[in-house]
Amino acid sequence: MKKTFDQPSLQLSIVIPVLNDAEPLNRLLSTLHDLLTGPAEVLVVDGGSADSSALVALESGARVLQAPRGRGRQLNSGCQAARGQWLWLLHADSLPSRAAVATLE
């Protein structure tokens with residue numbers, strides 16, 4: 001069974017803009033699943049990908065939003081839709097460390 005991102009007592013929203021980033025997004029979401037110990041909301045904001053980026057995000061339990069192409073626009077859309085108290089903005093090719101996640105949590 002695939003782990004999903006929890007949302008009760010939501011404190012942290014992670015916003016990830018993507019455009020044809022299926023492979024790095026898959027690595028990032030897998031890393032987040034391994035590192036996060038508390039509830040988090042993950043929003044993947046797709047700027048019109050022609051690959052499986054949205055499917056990768058959905059299969060991981062992330063929320064997928066569509067926004068006009070452009071990182072700024074995508075981040076803005078994700079931040080406006082976020083429900084957490086804290087926002088963490090990541091690129092799909094980010095590889096967060098255990099220490100960074102522990103600090104945020």
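Predicted model: local features only at pLDDT ≥ 70, side-chain atom pairs only at ≥ 80, totals over all residues.
Local features here need pLDDT of at least 70 and side-chain atom pairs pLDDT 80 or more, while totals for chains, interfaces and linings use all residues. Residues are numbered from 1 along each chain as its sequence is written, and side-chain values use heavy atoms, leaving out hydrogens and water.

**View A. The buried side of helix α2 (residues 53-60).** Helices are DSSP runs of H or I with at least four residues, and strands are runs of E with at least two, numbered from the N terminus. Look for Ser53, Val56, Ala57 and Ser60, the buried residues of α2 (buried means under 20% relative accessible area with a 1.4 Å probe, protein chains only). They lie on the same side of α2 because their arc around the axis is only 95 degrees, taken from the directions from the helix axis to the C-beta atoms. Their packing partners are β1 (12-18), α1 (22-35), β2 (40-46) and β3 (63-66). Gly61 comes after α2, with a positive phi near 95 degrees.

**View B. Where α1 meets α2.** Ala22, Leu25, Asn26, Leu29 and His33 of α1 make the contact with Ser53, Val56, Ala57 and Ser60 of α2 (contact means heavy atoms within 4.5 Å).

**View C. Gly78 in helix α3 (residues 71-81).** Gly78 counts as buried because its relative accessibility is 0%. Leaving aside residues up to four places away in sequence, Gly78 touches Val15, Leu43, Val45 and Leu65. Arg63 is 15 residues from Gly78 along the chain, and their C-alpha atoms are 9.7 Å apart.

Note on methods: Buried < 20%, exposed > 50% of the residue type's maximum accessible area, 1.4 Å probe, protein only.
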